[in-house]
Amino acid sequence: MKNTSNILQGIAAAPGIAIAKAYLFAKEKEDVSHASIENVEEAIDHLDGAIAKSKKELNKIFSLAIDKLGEKRAAIFEAQIMILDDPILIGNIHQRIREEKKHPEFIVHDEITKYQNLMNSATEAYMKERSHDIEDIKLRIIRNLKKKKWKSRITSEAIVVTTTLTPSDTVLFSRESVKGYITDFGGLTSHAAIVARSLDIPAVVGVHDSTNKIQNGDTVIVDGFHGVIIINPDEIQLKVYKNKIDKLSLYDKKLAELRDEEAITSDGRKINLLANLDITDEIETIIQNGAEGIGLVRTEQLFHENDQFPDEESQFIYYSELAEKLYPKIVTIRAFDVGGDKVLPFDVKEPNPFLGWRGIRFLLDNSKLFKMQIRAVLRANLHKNINFMIPMISDITEIDRTKKLIDTCRLELLNEGIKFESEIKLGIMIEVPSVAVMADEFSDCVDFISIGTNDLIQYLLAVDRGNEIVSSQYQEFHPAVVRTIKHIINSARCESDCVSMCGEMAADVVAVPLLVGLGLKSFSVSASAIPNIKKLIRGLNYSEVKEIAEKCLRLKTADEVCAVMQKYSTEKLTDQLQNII
Ligand code: PEP
Ligand code: MG
């Protein structure tokens with residue numbers, strides 16, 4: 001009989017499989033001294049020394065993190081250092097030591113806990129997660145007030161099991177022989193999860209009682225693909241997972257061999273495989289993974305990364321760098337897509353943000369900002385490898401108005417004697433059903449179109465893409481979605497191969513055969529998905545998937561379409577990742 005009594009389920013936070021001994025990392029509960037103090041100045045000196053020491057430690061972790069994770073990810077630690085420099089926080093602590101004459105440990109604990117409680121009362125998961133980061137700072141200062149050191153007793157390969165993991169623990173452990181992480185708390189957005197993914201160390205978080213159920217030295221399997229933990233596996237479980245590890249390493253080798261190969265079906269249909277760029281650091285992975293270009297740069301990220309709209313000059317530098325790094329491949333820069341679930345630069349409350357001031361609607365109403373971006377793009381396009389794409393188009397007049405603004409920018413740059421490239425390929429995202437219905441006329445007006453399924457599905461099916469309550473109704477295999485995609489591909493009148501897809505559906509391994517079968521020839525997926533999708537495409541036979549797609553076009557429910565595609569994937573694509581893990 002199958003053994004399930006030793007299995008725990010959590011959230012799959014970083015993919016991969018590891019088998020090793022458990023190392024229970026118990027955060028020492030720092031007892032906080034409540035004692036009164038006599039010499040206030042001495043206590044403040046002591047505190048300042050502990051803060052300076054904490055800063056030094058964090059600076060060390062910061063440079064280690066830059067090496068291992070790159071600058072953007074390492075910024076988590078820069079933010080922690082900034083908190084230690086916060087004059088209001090430190091001023092308050094000083095003032096309270098002076099007034100209350102209590103031990104600095106108590107005041108630090110009390111004052112920083114207040115910050116944490118504020119964050120914990122927020123409704124956003126992100127803010128709650130950040131309160132764990134602040135815990136790290138609090139314990140670090142208290143530990144340094146006690147003059148204790150961070151200790152890791154890991155001497156051989158181990159899986160770290162703990163209640164919560166701070167980003168700095170995650171980085172520090174990665175210097176040791178850590179094979180995996182298991183935590184009782186935390187979600188997908190926790191920094192520890194993000195850091196584990198970047199370090200490529202399998203992790204399962206939010207397991208609830210792992211620290212109770214796992215003992216130091218137990219053998220543990222971490223399955224970061226499915227969020228599964230197995231404690232002291234029996235022989236059969238061990239065999240199954242060792243087999244999976246062998247297959248995975250073979251699979252990774254095969255993927256690496258394909259780096260310079262084309263994404264082409266077994267019967268010779270060439271597919272263009274592009275990358276989406278969400279954060280600047282991904283550019284190296286995009287190049288390494290052999291993407292044929294960038295199909296989507298989410299430029300609103302620049303606004304999130306800097307907390308303000310970047311000016312023309314910084315955009316010009318950023319776009320130029322991207323274009324140079326990718327040359328002669330194409331970089332598709334999407335105009336700022338703010339609004340909806342993405343932050344607006346102004347404090348506007350809308351009853352229905354997804355149906356409100358989003359994408360091109362916002363840009364045309366704020367033409368000064370839009371022109372800054374257009375000018376930066378025209379200036380950066382000196383090598384002629386930048387395409388410009390507009391989000392959330394719902395009406396042809398929006399394209400006309402954008403073209404007029406581009407003309408105005410050309411004229412301005414010419415009059416100002418600034419170097420720029422006048423020609424630029426202009427495209428639109430198809431995210432709104434009105435554009436899908438009239439794909440022929442819309443595509444007539446532009447050089448290319450890109451199907452944004454993330455939004456198209458939500459508007460076609462009237463299902464909020466971020467609402468968990470209705471997530472089961474968000475169905476990419478809904479026949480209306482499948483038929484709409486087919487309609488867009490069939491009706492597009494721009495040059496051949498001008499239709500691409502950059503929504504998440506393009507990276508769904510079960511959906512890709514269907515999309516190829518529907519006639520889609522260009523896919524833009526996240527950088528890390530490229531090798532796997534390339535391998536998948538190379539395993540397809542176009543005539544075969546075309547027939548399957550034709551069958552799907554006649555079905556009436558999402559379940560029916562999904563079942564056909566799942567069956568195809570399991571039976572025909574046996575050497576694909578989804579079937580070996
Ligand atoms: C989409 O809607 O599919 C898309 C790629 O845009 P975003 O996810 O940025 O809204
Ligand atoms: Mg979108």
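User: What is the volume of the second largest cavity?

Analyst: The model is a predicted one. It holds 4 cavities of 30 Å³ or more. For the second largest cavity, the volume is about 80 Å³.

User: Which residues of its lining are the closest to the centre of the second largest cavity?

Analyst: The lining of this cavity is made up of 14 residues. Those closest to the centre are R298, R334, M429, E431 and N454.

User: Which element gives the most residues to the lining of the second largest cavity?

Analyst: Two elements, β10 (293-298) and α18 (453-461), each supply at least two residues of this lining. By class, the lining has 3 nonpolar, 4 polar and 7 charged residues. With 3 residues, the element that gives the most is α18.

User: Is E431 buried or exposed, and what about D455?

Analyst: A residue counts as buried when its relative accessible area is under 20%. E431 has a relative accessible area of 2% and is therefore buried. D455 has a relative accessibility of 2%, so D455 too is buried.

User: How far apart are the end C-alpha atoms of helix α14, and what span should its residues have?

Analyst: Helix α14 covers residues 367-380, which is 14 residues. At 1.5 Å a residue, the helix should span 20 Å. The computed separation of its end C-alpha atoms agrees with this, at 20 Å.

User: How many residues of α14 are buried, and what covers them?

Analyst: α14 is mostly covered. Among its buried residues are L369, F370, I374, V377 and L378. The elements covering the buried residues include α12 (312-326), β11 (330-334), α13 (359-365), β12 (386-390) and α15 (396-415). The number of buried residues in α14 is 10 of 14.

User: Where is S174 found, and which residues is it in contact with beyond its neighbours within four places in sequence?

Analyst: S174 is found in helix α6 (residues 167-175). Its relative accessibility is 11%, so S174 counts as buried. Leaving aside neighbours within four places in sequence, the contacts of S174 are K68, Y181, L199 and I201.

User: Which residues are joined by a cis peptide bond, and what is omega there?

Analyst: Most peptide bonds are trans. P328 has its place in the loop between α12 and β11. The cis bond joins Y327 and P328, with omega about 5°.

User: What is the phi of K101, and what is that of K384?

Analyst: Most residues other than glycine have a negative phi. K101, in the loop between α3 (87-100) and α4 (104-120), has a positive phi although it is not a glycine. K384, in the loop between α14 and β12, also has a positive value. Phi is about 50° for K101 and near 60° for K384.

User: Is K384 buried or exposed?

Analyst: The cut-off for exposed is a relative accessible area over 50%. K384 has a relative accessibility of 56%, so K384 counts as exposed.

Definitions and conventions. Residues numbered from 1 in each chain as written. Chains lettered and ligands numbered in written order. Predicted model: local features only at pLDDT ≥ 70, side-chain atom pairs only at ≥ 80, totals over all residues. Heavy atoms only, no water. 1 Å grid on protein atoms, 1.4 Å probe; cavity = no way out; pocket = protein on both sides within 12 Å on 5 of 7 lines; lining within 4 Å. Points joined across faces, edges and corners; volume = space filled by probe spheres on them. Nonpolar A, V, L, I, M, F, W, Y, C, P; charged D, E, K, R; others polar. Buried < 20%, exposed > 50% of the residue type's maximum accessible area, 1.4 Å probe, protein only. Expected span 1.5 Å × (residues − 1). Contact = heavy atoms within 4.5 Å.
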